[in-house]
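Have a look at it first, then read on.

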Amino acid sequence: MDGKFYLVREDVLPEAVRKTLDAKELLESGKAHSIADATQKVDLSRSAYYKYKDSVFPFHTTVKEKIISLFFHLEDRSGTLSQLLSVVAGSGCNVLTIHQTIPLRGRANVTLSLNTAGIKEEVTDLLAKLRRLEFVDKVEILGTGA
């Protein structure tokens, strides 16, 4: 798979690409037993499916069994890092590195490098959980790698 890769929000993808991803998910989950069945269920032509199937992947499949680096902007209060790490550990990720800046004006920056090989959920679901923590102002993916 040569070429450049891009991370694109779902709402800007063409309908055929979104439906191809839906069809692939039906096949992986066993809810469709053939490509014809999957494409029929999502109302997509088989030719469009074959055009895109080897070129589009859900984000979680690109970070599976890889390292992901996350940047956090946190409120500086007692126990925040511990709570953050608890959520990460609960997801099945292994923390590889932690870097925290000295808090300034009640805020601190934290960068975590995580091995996602053992993750029990979608990376997007983990990010949503982390964003819901009351002391988290910001979460960003800095990068992914092997």
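Start with tyrosine 6, which sits in the segment before helix 1; helices are DSSP runs of H or I, at least four residues, numbered from the N terminus. This is a predicted model, where local features need pLDDT of at least 70, side-chain atom pairs count only at pLDDT 80 or more, and totals for chains, interfaces and linings use all residues. Residues are numbered from 1 along each chain as its sequence is written, and side-chain values use heavy atoms, with hydrogens and water left out.

| Residue | Relative accessibility | Class |
|---|---|---|
| Tyrosine 6 | 67% | exposed |
| Tyrosine 49 | 6% | buried |
| Tyrosine 50 | 46% | partly exposed |

What about aromatic pairs? Searching the whole structure turns up one (ring centres of Phe, Tyr or Trp, its six-membered ring, within 6.5 Å; planes under 30 degrees apart are stacked, over 60 edge-to-face, the rest tilted). Tyrosine 49 and tyrosine 50 make up that pair, edge-to-face, at 5.6 Å centre to centre and with 80 degrees between the planes.

Now over to helix 2, residues 35-42, where Asp37, Ala38, Thr39 and Val42 are buried. What do those buried residues of helix 2 pack against? Their partners are helix 1 (15-29) and helix 3 (46-52), with contact meaning heavy atoms within 4.5 Å.

Note on methods:
Buried means under 20% relative accessible area, exposed over 50%, partly exposed in between (1.4 Å probe, protein chains only). Helices (H or I, at least four residues) and strands (E, at least two) are DSSP runs, numbered from the N terminus.
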